[in-house]
Amino acid sequence: MQSRWDIGTPERPTINSETEKLKTELLTLNMGPQHPATHGVLRIEIKTDSEIVAHAIPHLGYLHRCMEKHSEHLDYRGVIPFVDRLDYLAAMSMEWTYVAAVEKMLGTEVPRRAELLRVMTAELQRIASHLVAFGTYILDLGPQTVFLYAFEMREKILRMFEEVSGARMLYNYIWVGGVWNDWTDEQLKNVANFCDEMELEAKKYYDLNSSNQVFIKRTAHVGVMTTQDCFDFGATGPVLRGSGFNWDLRKNQPYSLYNEFDFDVCVGTGEIGQVGDCYNRYIVRMNEVIESIKIIRQVLTKLEPGSVMGKVPKIIKLPKGEVYMKHECPRGELGIHLVSEDGGKTPYRLKVKSPCFTHISMIPRVAPGQMIADFVATVGSTDIVLGEVDR
Amino acid sequence: MSTQAGSVREYFSALFDAITSTARAMYVTFKYVWAVKPVSIEYPEVREVLPDRARMRLFNDVLNCISCTQCAMACPVDCIYIASEKMPEGAEIKKTSNGQAIRLKLTQFTIDTALCCYCGLCTTVCPTECLTHSHDYEFSQYTVDHMKYDYLAPDVIAWRDRIVKS
């Protein structure tokens, strides 16, 4: 019997044979860590067969800042600046989720005006976040004009936030028990003006980009994530709604005051392209901007003067227990799991369930068989923010 | 592209759509040539007026500080270093601008601005409101060590009029 180790005399390599010349192998290509399609530092290791992607493996951890562990040594107020830095493009929504979790444990009553202002800021933040998603996505695909238009409008939102909170991106504005500062009437008038402006601007974006045949050819039928895929991976937000499934926490499990407002949930219809492709994910975001404007206008009519800060003890101590709070953030459902010890001043454990992490894990499912250019379009359409993935 | 035109007619209709939609988009951008004002600011010459609440470099008015260390406790990144000692006997007890007696002698008040995350939590707990966010945002340095500002240093005290919000 031949030994396992006996491989016999090796064949002499035939250098000049035809088969040797035509030998093919997969090419390993690193996309990132500084690729504009990734909105941060994501490295995707792709194995390509000429221009067709065979495998794609995302490598995470370039932006890991030990936020969860660090927050175990901070008091409950001090965690808020760290939560801001999760998704730095939608810091208001992040703060609100964390603060809502603490308030639920503490049993604080939030004044109505503060709660309305929170809804308003969160929706403004959703518009700002979708504008970045929209602008940078199109920048990935080539055109650069749209990016500047989107950032011009976003800057107006950031300016309003800066006037009220003092910072452009990392606000520390929503506090346990209410909000830091009240909006003056003049600032609220600015918001109303902005809503009118944004509506006109959204129409302009439709002419400029959404109806553009070149853009449609580039994104329709590309990177299809079916509803079943979304269920398997736990995708939420515009990715799930783009695949045609009607699920929005603001509508299905209303938190805060969202059951008072009249708005629609935007779902990918497949009118152009097919349900679950890049175009539908994109158009869901663009329609959500309009719905957010609707909500902001309703908030402005409901606002009444009053206090913006509830009664909160000077040093926050939570009872023993745990709470899981989830909110519909611009990129999907953010979950905050907060565990506290009895009378502890610091969280015992703070776990963040990030929507972007699930979306990033869907990329290896969708990637095989795509062209590299389509792959960039797919990664961009999931709208990943790495600050949230790596935490 | 994943979709391919099946027939000649489809090919030409797609071509027509592409030209018309691009022309419509070009019409939108063309308006920007004259009709829209530029939004960019030529920075060193023209400066943006910051809102009142803008959170830039921290400044401590040491003459009003009572060394209570509440700001250092509230700081989530521990970037404020405070040291104080007892007042020498017989020294007159000064008062802050809002009437609190200064019972401790401040010997060190240093903020590491490289570590600071500009969250503003320290300014909210200050009982005498001496620690504020100034509107000063141009303070780049060559080394990280230079980012530590000792607010008891005479040159920093001399900045007071320039930095403190009126």
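Helices and strands in these legends are DSSP runs, numbered from the N terminus. The structure shown is a predicted model.

**View 1. B:Asp78 in a loop of chain B.** The loop that holds B:Asp78 lies between α2 and β2 (80–86) of chain B. B:Asp78 is not a glycine, yet its phi is positive, at about 50 degrees. Around B:Asp78 there are 13 other C-beta atoms within 10 Å, so the residue is classed as partly exposed, given that a buried residue has 20 or more such atoms and an exposed one 12 or fewer.

**View 2. B:Ser67 in the loop between β1 and α2 of chain B.** B:Ser67 is a residue other than glycine with a positive phi, near 55 degrees. With 18 other C-beta atoms within 10 Å, B:Ser67 is therefore partly exposed.

**View 3. The contact between chain A and chain B.** Chain A contributes 27 residues to the contact, and chain B contributes 24 residues. On the side of chain A that touches chain B, the elements giving two or more residues are α3 (80–84), α6 (145–165), α7 (185–210) and α8 (213–219) of chain A. Of these, α6(A) gives the most, with 5 residues. By residue type, the side of chain A that touches chain B comprises 8 nonpolar, 11 polar and 8 charged residues.

Key. Residues are numbered from 1 along each chain as its sequence is written. Chains are lettered from A and ligands numbered from 1 in the order in which they are written. This is a predicted model: local features need pLDDT of at least 70, side-chain atom pairs count only at pLDDT 80 or more; totals for chains, interfaces and linings use all residues. Two residues are in contact if their C-beta atoms, placed from the backbone, lie within 7 Å. Helices (H or I, at least four residues) and strands (E, at least two) are DSSP runs, numbered from the N terminus. Ala, Val, Leu, Ile, Met, Phe, Trp, Tyr, Cys and Pro count as nonpolar, Asp, Glu, Lys and Arg as charged, and the others, Gly among them, as polar.
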